[in-house]
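User: Hi! I'm new to reading protein structures. Could you walk me through this one?
Analyst: Happy to, let's take a look together.

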Amino acid sequence: MRVVIAEDLVLLRDGMVRMLTAYGFDVVAAVADGAGLAETLVSLRPDVAVVDVRLPPTFTDEGLRAAIAARREVPGLPVLILSQYVEQVYARELLGDRAGGAGYLLKDRVGEVREFTDAIRRVASGGTVLDPDVVSQLLGSGRAAQLATLTPREREVLAVMAEGRSKGAIGARLVITEKAVSKHINSILTKLDLPPSDDDHRRVLAVLAYLGA
């Protein structure tokens with residue numbers, strides 16, 4: 001699997017290159033700034049890009065904007081954002097464009113190499129990966145009154161659902177039955193004024209559509 005990494009911190013960048021290479025990935029480029037990132041992604045067309053949000057020269061949102069620009073040129077280009085920050089506006093655009101695999105993880109919450117590499121593979125295969133804290137921040141930016149109607153368990157189900165997990169996987173994570181998961185999902189979508197759906201990815205897209213509303 002061909003990977004492009006965009007990370008300005010040399011130790012972290014080199015560390016990811018070594019780690020991913022050890023796990024069988026082919027790192028075809030590792031860039032340190034946002035200036036040529038979009039061009040690199042378009043020219044190399046990797047199986048997945050792992051991109052930090054804030055890159056030189058301004059350390060604002062260059063990485064995320066470059067990834068979005070590359071996806072406009074290469075629809076469906078899988079992008080996994082790995083950052084310390086949640087950039088809400090562009091995150092919604094990336095995650096909600098329905099153009100292929102996408103994910104957003106926070107660096108300080110990636111605790112295991114296996115989970116990280118699994119997330120990369122999931123995004124590369126067209127899936128969605130969202131850190132629960134990212135979901136919480138995006139949800140918390142609007143519709144507070146509706147979110148306040150969710151029970152604590154429904155919030156837990158929503159966070160795992162937004163990672164793109166199946167009903168079985170949600171149940172296994174939260175130690176509840178699939179029947180209970182279905183009940184919680186229907187309740188969540190009803191409270192958020194979103195149409196119910198049995199399709200896992202469509203449920204994620206429904207959440208993202210809600211975020212962007």
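Analyst: First, a term we'll need: two residues are in contact when they have heavy atoms within 4.5 Å. Also keep in mind that this is a predicted model.
User: Thanks! Which residues does Lys 107 touch?
Analyst: Leaving out residues up to four places away in sequence, Lys 107 touches Glu 7, Leu 12, Asp 52, Leu 82, Ser 83 and Gln 84. With Asp 52 there is a polar contact between the two side chains, at 3.0 Å.
User: And where is Lys 107?
Analyst: Lys 107 sits in the loop between β5 (102-106) and α5 (113-124).
User: Is Lys 107 buried or exposed?
Analyst: Lys 107 counts as buried, because its relative accessibility is 17% and the cut-off for buried is under 20%.
User: New topic: how many residues are in the largest nonpolar core?
Analyst: That core has 30 residues, and Leu 37, Leu 41, Val 51, Leu 64, Ile 81, Leu 94 and Tyr 104 have the most contacts inside it. Helix α3 (residues 62-73) gives the largest share, five residues. Apart from this core lies another, of 16 residues, including Ile 5 and Val 48.
User: Last one: at what angle do helix α9 and helix α10 pack?
Analyst: Helix α9 (residues 167-174) and helix α10 (residues 178-191) pack at about 105 degrees, with axes 8 Å apart. That angle is why α9 is roughly perpendicular to α10.
User: Which residues meet there?
Analyst: Lys 167, Gly 168, Ile 170 and Gly 171 in α9 meet Glu 178, Val 181, Ser 182 and Ile 185 in α10. Three of the contact residues are nonpolar, three polar and two charged.

Terms used:
Residues numbered from 1 in each chain as written. Predicted model: local features only at pLDDT ≥ 70, side-chain atom pairs only at ≥ 80, totals over all residues. Heavy atoms only, no water. Axes fitted to C-alpha atoms, helices over the stretch in contact; angles between N-to-C directions. Helix = DSSP H or I, 4+ residues; strand = E, 2+ residues; numbered from the N terminus. Parallel < 35°, antiparallel > 145°, perpendicular 65-115°, else oblique. Nonpolar A, V, L, I, M, F, W, Y, C, P; charged D, E, K, R; others polar. Buried < 20%, exposed > 50% of the residue type's maximum accessible area, 1.4 Å probe, protein only. Polar contact = N/O pair within 3.5 Å; in protein donor to acceptor, adjacent residues only side chain to side chain. Core = buried A, V, L, I, M, F, W, Y, C linked by side-chain atoms within 4.5 Å.
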